Amino acid sequence: MRIFYEDMKREFERVLLKKGFSQERAETSAKMFADTSLDGVYSHGYQRFPRVIEYIDKGYIHVNAIPEKLAGVGAAERWDGHLGMGNLNAASAMKRAMELAGEFGIGLVAMCNTNHWMRGGTYGWQAAESGYIGICWTNTMPNMPAWGAVDSKIGNNPFVMAVPGPRGKHVVVDMAMAQYSYGKLDVCRQAQTDLPYPGGYDEAGVLTCDPAAIEKTRRVLPIGYWKGSGMSILLDLAGAALTLGRTVSKIGKECKEEYGLTQVFIAVKPDLLSGDAEAAKALAEETLKDIQNSVPEHANKKIRYPGEGTLIRRKENTELGIPVDLEIWKKICEL
C-alpha cells in the first residue's frame, strides 16, 4: 500500500492538532514526519508516529513547550527543551546554530531536557540545504552494552554530519553507534527479513542477523566493536558537559522511558577559513565522482555516496507514493 506525501502529511497534522498543537507547530512537525517517510526512513517516520502520540498521552512530550535559552557565550548557547516535541526542538536548535554561524562563522547549540528527535539526518539535511556544514548528536536511554559487557549501560547515541554538495547533492551521514538502530530491527522483524550483517547477540551470546533475537536480548552490536562503544560514551559525556543535562545513565535511572534527552547541534560556514564556498563544492564533486568510479564488488551494483540513496528514494516515493504497512497506517488513521 502506498500513500501520497500530501495525504500522509495531512493525516499527521490532523492528529497533532487533535492533541493540542497550534496550527503552525502541527504543520511543521507533520512535515518532518512526512519528509522522513518520503526519504525512506520509515522506522523514524510514519512507523514512529503512534509511539510519539503515546508519549504525548503519557505526558512525556509537552505539546506547547518552547525551548528556552539558559546561557550563551559568543557562538555557543545552552538551551532547555522543556520536554517539547523532539523534532520541533531539534529543528529550532539547528536553525539557531546556523544563525550563530551566520554571525560568527560557526555556531553551537547544546540542548538539555528534550525528546527523541526522530530522524537525526533531518537536521543534517537542514544545515546542508542552507549551505552549512552540520554536525549533531543525541543521547538515548540505556539500550546498548558497553564493549565486553552484557547489560545495557550506554546508548546507541546517533551522530549526524552533513556537507553541502553541488546542485543539492549533499553528503549526509546519519548513524547510530550501534550497527543497527532499534527502529531498523523493528522494520526487519515486521518484514520477517534478516539483517544483511550481524547486528547483535542472541541468548546464547552468538552474533546473529535475526532482528527478533537481538530485540529479545537487547544486546545490539556497537559499530566497530570497541570503537563504537567508546564513541557512544564520549558523545554522551560531551553533551552532558555542555548542557549539564541527563547522561544516558541518568535517563535510565530518572525516566520511565526515553525522554529528557541531551542533544548538541553545530553549524559551520564551509568558507569560514577559505572564503570560497564554491571551491569547496567543486572539491566535493571531484571527490564524489572518484568514489563513484570505484570498482564495485558486484557488477550490477553502483557505488553511492552518503545521501545519494536518500535522493533516489525521495524521487521514487514522490512519484509512486510512500509505501506503508497497512496495519500501522490504520492505527494512525484511528488516532
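**Loops, helices and rings**

Me: In which loop is the place of Arg218?
Reply: This is a predicted model, in which local features need pLDDT of at least 70 and side-chain atom pairs pLDDT 80 or more, while totals for chains, interfaces and linings use all residues. Residues are numbered from 1 along each chain as its sequence is written, and side-chain values use heavy atoms, without hydrogens and water. Helices (DSSP runs of H or I, at least four residues) and strands (E, at least two) are numbered from the N terminus. On that numbering, Arg218 belongs to the loop between helix 7 (211-217) and helix 8.

Me: What is the phi of Arg218?
Reply: Most residues other than glycine have a negative phi. Arg218 is not a glycine, yet its phi is positive, at about 60°.

Me: Over the face of which residue does Arg218 lie?
Reply: A charge sits over a ring if NZ of Lys or CZ of Arg is within 6 Å of the ring centre and within 35 degrees of the ring normal. Arg218 is partly exposed at 33% relative accessibility, where buried means under 20%, exposed over 50% and partly exposed in between (1.4 Å probe, protein chains only). At 4.2 Å from the ring centre, Arg218 lies over the face of Tyr182.

Me: Is Met118 buried or exposed?
Reply: Met118 belongs to the loop between strand 4 (106-114) and helix 5 (121-129). Its phi is positive, near 65°, in a residue other than glycine. With a relative accessible area of 7%, Met118 is buried.

Me: How many residues apart in sequence are the parts tied together by the pair of Trp147 and Trp226?
Reply: Rings of Phe, Tyr and Trp (its six-membered ring) pair if their centres lie within 6.5 Å, and count as stacked under 30 degrees between planes, edge-to-face over 60 and tilted otherwise. The structure holds 13 aromatic pairs; that of Trp147 and Trp226 is edge-to-face, with 5.9 Å between centres and 65° between planes. Trp147 lies in the loop between strand 6 (144-145) and strand 7 (152-154), and Trp226 in helix 8 (residues 226-243), so the separation in sequence of the parts they tie together is 79 residues.

Me: Which residues does Ser229 touch, not counting those up to four places away in sequence?
Reply: Ser229 is in helix 8 and is buried, with a relative accessible area of 5%. Taking contact as heavy atoms within 4.5 Å, one finds that Ser229 touches Ala146, Trp147, Ile154 and Pro222.

Me: How many disulfides does the structure hold?
Reply: A disulfide is a pair of cysteine sulfur atoms within 2.5 Å. The sulfur of Cys112 is 12 Å from the closest cysteine sulfur, in Cys255, too far for a bond. Cys188 is in no disulfide either, the nearest cysteine sulfur, that of Cys209, being 10 Å away. The number of disulfides in the structure is zero.
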